[in-house]
Amino acid sequence: MAVKGILFRDICPILKNPGALTAVIDLFEERECDLCPVCLAAQGFLFGSLLAQRLGVGFVLVRKMGKLPGPTLSVAHNLEYGEAEVKIQEDAVAPEQKVLLIYDLLATGGNLYATCELMKKQDAEVMGCMVVIELNGVEKLKPNALFSLVQY
């Protein structure tokens, strides 16, 4: 989707290069070590699912409207080019469970902030947020810690 005035960054080169993909997961794993054990929740599920498998922890999808089956919880938020809503299955995260949030790209912080709010609804503890690419939106995430591999 092209939106005038919005620059989109492409993660596909990372995904098609096995060495680059391994390096991303290695860096996330190094950073995450002292947070174990956690459940991973992600909209950046291409990276999050690989990290969860490597760590031997559960993985939970956070998706946009209409993408998850069964009863869901949601949080609506504004994007710089419209509105959006993120959802999680009601039984995906247990109260007091420690959760690490993984996203591919942080553009405005809206989706990741909404995911933090979803975790609050579940009474889960957000241990931190990890993104491959950080463009903007860090302020929205405070007081949650953010780790990013690339900043523009």
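The structure, a predicted model, holds one aromatic pair, a term used for rings of Phe, Tyr and Trp (its six-membered ring) whose centres lie within 6.5 Å, with planes under 30 degrees apart counted as stacked, over 60 as edge-to-face and the rest as tilted. The rings of Phe 28 and Phe 147 have their planes at 70° and their centres 6.3 Å apart, so the pair is edge-to-face. Because Phe 28 belongs to helix H2 (residues 18-32) and Phe 147 to strand E8 (residues 146-151), the pair ties together parts that are 119 residues apart in sequence; helices (H or I, at least four residues) and strands (E, at least two) are DSSP runs, numbered from the N terminus. Phe 28 is buried, with a relative accessible area of 0%, where buried means under 20%, exposed over 50% and partly exposed in between (1.4 Å probe, protein chains only).

The model also holds five salt bridges, each being a side-chain nitrogen of Lys or Arg within 4 Å of a carboxyl oxygen of Asp or Glu. Three of them are set out here.

| Salt bridge | N to O distance |
|---|---|
| Asp 26 and Arg 54 | 2.4 Å |
| Glu 125 and Lys 98 | 3.8 Å |
| Lys 142 and Glu 139 | 3.2 Å |

Asp 26 and Arg 54 are linked with Glu 29 in a network of salt bridges. Asp 26 is partly exposed, with a relative accessible area of 29%, and Arg 54 is likewise partly exposed, at 33%. Glu 125 is partly exposed, at 39%, as is Lys 98, at 35%, whereas Lys 142 and Glu 139 are exposed.

Lys 87, found in strand E5 (residues 82-89), is buried yet has no salt bridge, the nearest side chain of opposite charge being that of Glu 85, 4.2 Å away; here Lys and Arg count as positive and Asp and Glu as negative, while His and the chain ends are not counted. The side chain of Lys 87 does make a polar contact with the side chain of Thr 72, at 3.4 Å (a pair of N or O atoms within 3.5 Å; within protein, one must be able to donate a hydrogen and the other to accept it, and residues adjacent in sequence count only if both atoms are side-chain atoms).

The protein chain averages a pLDDT of 86, and 91% of the residues score at least 70, pLDDT being the predictor's confidence in each residue, from 0 to 100. Confidence is lowest in strand E1 (residues 39-42), at a mean of 70, and highest in E8, at 93.

Residues are numbered from 1 along each chain as its sequence is written, and side-chain values use heavy atoms, leaving out hydrogens and water. In this predicted model, local features need pLDDT of at least 70 and side-chain atom pairs count only at pLDDT 80 or more, while totals for chains, interfaces and linings use all residues.
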